[in-house]
Amino acid sequence: MMPAQDLTARQLLDFYLEAGADALVGEEAVDRFAATDEPAPVRVTRAPLPATATADSLRPLPAIQQAAPQATDDAIMSAREAARGANSLDELRALLDKFEGCALKGSATRMVFADGNPEARVMLVGEAPGRDEDIEGLPFVGRSGKLLDRMLAAIGLDRTSVYIANIVPWRPPGNRTPTPQETQICLPFVLRQIELADPDILICLGGPSAQTLLGIKDGITKTRGRWFTFNSGKRDIRAIATFHPAFLLRSPLQKRFAWRDLLSVKKALAE
Ligand code: URA
């Protein structure tokens, strides 16, 4: 590859796009062509500063810093408190929109709360919004969403007969996997969302959703197609995990297993 200083801005942007960097996370443009000996600016998470500055707390922070454990615990506590205070899905959406405890909110374009019919008997939960969802503010509207719609149609369902949400309502930059901390911080909201929507059947789309909601360690290949009991806080509901549509787009041969899972859902709805 050409040295960076010989690239045009357009070529450099194309290079970033090809490398998967399709989101802007900084407030100000940085001229990467300008030669400098200055260290790059440090980007830190939103961990609050201690009330009293000590020599230690004033030391420069490392370039990549996880949210401090205490900050994560505090964020989880305030997420729980906020979620508990919601008496309807509209209230929950409003509280989530005001919630400042998850750093993903800062890089996402829009919050992705839900789509479909909150009265539906079936609720599906994915992992996190992708690029298209971040733009539209709705879950599963990109390529994997189109496949999900076809999968649902195969058993006579559509977005008027299902309710769809994600574990994490903000797009992680560049579609990276949400960190365990981000997942734990957002979890109280999706748990309350399930409780308030009160579906008869919960479908976890993909391994991370199944592991987070069903509390299991096994991967999706082992978990899919098995029925679990999920206690929503209100009552026990039936839950099943299946392959994530994004995975099925990459591994179409696995669609036959997803088909079996869908037939199992169809049967359960008829019981
Ligand atoms: N993948 C997900 O898990 N959720 C979406 O909303 C889109 C893609």
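This is a predicted model, so please keep that in mind as we go.

Let us start with the core. The largest nonpolar core has 64 residues, and within that set L124, W170, L202 and L213 touch the most other members. As for where the core residues come from, helix α8 gives the largest share, with seven of them. As background, nonpolar side chains in soluble globular proteins tend to be buried together.

Take L213 as an example. What does L213 touch, once residues up to four places away in sequence are set aside? The list is V125, I167, L187, V190, L191, I194, L202, C204 and F230.

Now to α8 and its partners. Helix α8 covers residues 180–197, and helix α4 covers residues 89–98. Their axes lie 10 Å apart, and the packing angle is about 165°. Angles over 145 degrees count as roughly antiparallel, and α4 and α8 are therefore roughly antiparallel to each other. Their crossing is left-handed. Which residues make the contact between α4 and α8? From α4 we have L89, L92, L95 and L96, and they meet F189, R192, Q193, L196 and A197 from α8. Sorted by type, the residues of this contact are seven nonpolar, one polar and one charged.

The next partner is helix α3, residues 69–84. The axes of α3 and α8 come within 8 Å and cross at roughly 10°. That angle makes α3 roughly parallel to α8, since the cut-off for roughly parallel is under 35 degrees. On the α3 side of the contact are T72, A75, I76, A79, R80, A82, A83 and R84. On the α8 side are Q181, Q184, I185, P188, F189 and R192. The residues of the contact of α3 with α8 divide into eight nonpolar, three polar and three charged.

Last, a residue in a strand. N166 lies in strand β3, which runs over residues 162–166. Is N166 buried or exposed? Its relative accessibility is 4%, and buried means under 20%, so N166 counts as buried. Along the chain, N166 and E127 are 39 residues apart, yet their C-alpha atoms are separated by 5.1 Å. E127 is also one of the contacts of N166 beyond four places in sequence.

Note on methods: Residues numbered from 1 in each chain as written. Predicted model: local features only at pLDDT ≥ 70, side-chain atom pairs only at ≥ 80, totals over all residues. Heavy atoms only, no water. Axes fitted to C-alpha atoms, helices over the stretch in contact; angles between N-to-C directions. Helix = DSSP H or I, 4+ residues; strand = E, 2+ residues; numbered from the N terminus. Parallel < 35°, antiparallel > 145°, perpendicular 65-115°, else oblique. Left-handed = near helix turned anticlockwise from the far one by under 90°. Contact = heavy atoms within 4.5 Å. Nonpolar A, V, L, I, M, F, W, Y, C, P; charged D, E, K, R; others polar. Core = buried A, V, L, I, M, F, W, Y, C linked by side-chain atoms within 4.5 Å. Buried < 20%, exposed > 50% of the residue type's maximum accessible area, 1.4 Å probe, protein only.
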